[in-house]
Amino acid sequence: MRVREASLIEVSQVRIWLRDTASWLKENDIPQWERFLDDKKIEVCLKDYNDRKLYVLEDDSKVIIGAMSFGNPEDIDIKLWDNSENAYYIHRIVLSKEFRGMKKGEFMINWAKKSAISDKKELRLNCVNENKVLFNYYSNQGFNYNGSKLGYHLFKI
């Protein structure tokens, strides 16, 4: 497996995964990403691609099985963090349904950790305060809880 920048043709698949994940979260009463049920909001995938922040996870057969936004701060990061510079940010980790629960998200996070360390940057992410599942997941991935602001829990390494 490897993580690489997404190609333009892969943006449509990431949109599908983002909407699918948003639906799954809503069905499971996990308060995160309801905005991505709106077609206009999933255009963030194209923005990520244009900003060179859309990364995909491909398996050994070169089939993409997941994606994430990784890189420079977004508007929300600037609002949430006192100093948003000198850090990379992870947003919107999504996986194909058949690969959920198989530690593929962990693989992408570990890739992001290595990239941040290599570039001498912090790695940061957030989740809404009500999302206890994600709070625990990030803690288990080695992220340090850095408080709460504007309804989000903040994590960094």
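By a nonpolar core I mean a set of buried Ala, Val, Leu, Ile, Met, Phe, Trp, Tyr and Cys residues that are joined through side-chain atoms within 4.5 Å. With that in mind, and remembering that what we have here is a predicted model, let me start with the largest such core, which has 20 residues, and in which Met 68, Phe 70, Ile 90, Leu 123, Tyr 138 and Phe 143 touch the most other members. At least two residues of this core come from each of strand 2 (54-58), strand 3 (64-71), strand 4 (87-95), helix 4 (104-118), strand 5 (122-128) and helix 5 (132-140), and it is helix 4 that gives the most, with 4 residues. Apart from this core lies another one, of 18 residues, which includes Trp 17, Trp 33, Val 56 and Ala 67.

Let me turn to the aromatic rings, where the count comes to 11 pairs. In one of them, Tyr 55 and Phe 70, the ring centres are 5.7 Å apart and the planes stand at 80°, which is over the 60 degrees required, so this pair is edge-to-face. Tyr 55 belongs to strand 2 and Phe 70 to strand 3, so that the pair links distant parts of the chain, 15 residues apart, and both Tyr 55 and Phe 70 are buried.

A second pair is Tyr 138 with Phe 155, whose ring centres lie 5.5 Å apart with their planes at 65°, and so this pair, too, is edge-to-face. Here the link runs from helix 5, which holds Tyr 138, to strand 7 (residues 152-156), which holds Phe 155, across 17 residues. Tyr 138 counts as buried because its relative accessibility is 8%, under the 20% limit, while Phe 155 is buried with a relative accessible area of 0%.

What is Tyr 138 in contact with, once its neighbours within four places in sequence are left aside? The partners are Leu 125, Asn 126, Cys 127, Phe 143 and Phe 155. Tyr 138 also belongs to one aromatic cluster, together with Phe 135, Tyr 137, Phe 143, Tyr 145 and Phe 155.

At its start, a side-chain oxygen of Asn 131 reaches to within 3.4 Å of the backbone nitrogen of Val 133, and helix 5 is followed by Gly 142, whose phi is positive, near 95°.

Finally, a contact of another kind: the charged end of Arg 124 sits over the ring of Trp 81, at 4.4 Å from the ring centre.

Note on methods. Residues are numbered from 1 along each chain as its sequence is written. This is a predicted model: local features need pLDDT of at least 70, side-chain atom pairs count only at pLDDT 80 or more; totals for chains, interfaces and linings use all residues. Side-chain values use heavy atoms; hydrogens and water are left out. Buried means under 20% relative accessible area, exposed over 50%, partly exposed in between (1.4 Å probe, protein chains only). Contact means heavy atoms within 4.5 Å. A polar contact is a pair of N or O atoms within 3.5 Å; within protein, one must be able to donate a hydrogen and the other to accept it, and residues adjacent in sequence count only if both atoms are side-chain atoms. Rings of Phe, Tyr and Trp (its six-membered ring) pair if their centres lie within 6.5 Å; planes under 30 degrees apart count as stacked, over 60 as edge-to-face and the rest as tilted. A charge sits over a ring if NZ of Lys or CZ of Arg is within 6 Å of the ring centre and within 35 degrees of the ring normal.
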